[in-house]
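This briefing walks through one protein model, topic by topic. Keep the sequence and the 3D view open while reading.

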Amino acid sequence: MKDGGMVRGEILERYAQALMSLAQQSNIVDQVGNDMSSISETLKSSEDLKEFFANPIYKPEQKKAVLSQIFGDGLHSYTRNFLMLLVDRRRIMFLPGICSEFQALLRKLNQIVLAEVTTVRELTDDQTQALKDKVIALTGAHQVELEIKLDPELIGGVVIKIGSQVIDASIRGQLQRISLRLGGAA
């Protein structure tokens, strides 16, 4: 028997891949990609909306009405139809994950690397560009998207995560490594 996380992952993958295939066949990958980014940002900014879609008490017609009200004609018709299909199949609660999976497929298609950067404070434009250049040099990607998170506990420096690779150039990380070495020497 499969665990719930694996099944959920398969659902996200399957729907994202289906939408990507449709977008590629219809030559609208960029439009659908923009739609999915917009939907993702909307969902990230509203926990209530995510809870509404996940709640089985609300009827499919209510969920479709809310989708139409929020996004209206701002989405490509294929994206709108996809959202309605998710409601009909009772999969709309997976929409945030499907958006993320679609964006990952789009990055792969366009040879774009996503780097998650954790830093103490906002980066300047020069620092952001230097980080992008460094990640391009490390990965050989054509482009880099940075997802920047702030964490005051780092003290200083940055932590960069590219896929499963983590580059810890933070002061906190350096202090931890020193502490481990000193603890091992005792």
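In what order do the four strands lie in the open sheet, and what kind of pairing do they show? The order is β2-β1-β3-β4, and the pairing is mixed. The model is a predicted one.

- The strands at the edges are β2, residues 143–150, and β4, residues 165–170, and each of them pairs on one side only.
- From one strand to the next, the twist averages 20 degrees.
- In general, strands of a sheet pair through backbone hydrogen bonds, and they do so either parallel or antiparallel.
- Strand β1, residues 112–119, runs parallel to β2, and eight bridges join the two.
- Val113 stands opposite Val144, which is in β2.
- β3 and β4 pair in the antiparallel sense, over six bridges.
- Ile160 stands opposite Ile167, which is in β4.
- β3 and β4 also form a hairpin, with two residues between them.
- In the turn of this hairpin, Gly163 has a positive phi of about 65 degrees.

**The helix across the sheet**

- Helix α7, residues 125–139, lies across β1, β2, β3 and β4.
- The helix runs at about 125 degrees to β2.

- Thr119 lies in strand β1.
- Is Thr119 buried or exposed? Thr119 counts as buried because its relative accessible area is 4%, and the cut-off for buried is under 20%.
- Leaving aside neighbours within four places in sequence, Thr119 is in contact with Ile148, Lys149, Leu150, Asp151, Leu154, Gly157 and Val158.

**The nonpolar cores**

- In soluble globular proteins, nonpolar side chains tend to be buried together.
- The largest nonpolar core has 32 residues, and Ile39 and Ile98 touch the most other members.
- Helices α1 (4–25), α2 (29–44), α3 (47–54), α4 (60–71), α5 (77–88) and α6 (95–109) each supply at least two residues of this core.
- Helix α1 gives the most to this core, with seven residues.
- Which residues does Ile39 contact, leaving aside its neighbours within four places in sequence? They are Phe71, Leu75, Thr79, Leu83, Leu95 and Cys99.
- There is a second, separate core of 12 residues, which includes Leu123, Ala141, Val144 and Val158.

**The cavity**

- How many cavities of 30 Å³ or more does the structure hold? It holds one.
- The largest cavity contains about 40 Å³ of space.
- Its lining is made up of Leu67, Ser68, Phe71, Gly72, Leu75, Arg80, Leu83 and Met84.
- Helices α4 and α5 each supply at least two residues of this lining.
- Phe71, Leu75 and Leu83 line the cavity, and these residues are also in contact with Ile39.

**The largest pocket**

- The largest pocket has a volume of about 400 Å³.
- This pocket is lined by 17 residues, and Ser37, Gln103, Arg107, Leu114 and Glu145 lie nearest its centre.
- The elements that give two or more residues to the lining are α2, α6, β1 and β2.
- Which element gives the largest share of the lining of the largest pocket? That element is α2, with seven residues.

Technical notes. Residues numbered from 1 in each chain as written. Predicted model: local features only at pLDDT ≥ 70, side-chain atom pairs only at ≥ 80, totals over all residues. Heavy atoms only, no water. Pairing = 2+ DSSP bridges. Axes fitted to C-alpha atoms, helices over the stretch in contact; angles between N-to-C directions. Contact = heavy atoms within 4.5 Å. Buried < 20%, exposed > 50% of the residue type's maximum accessible area, 1.4 Å probe, protein only. Core = buried A, V, L, I, M, F, W, Y, C linked by side-chain atoms within 4.5 Å. 1 Å grid on protein atoms, 1.4 Å probe; cavity = no way out; pocket = protein on both sides within 12 Å on 5 of 7 lines; lining within 4 Å. Points joined across faces, edges and corners; volume = space filled by probe spheres on them.
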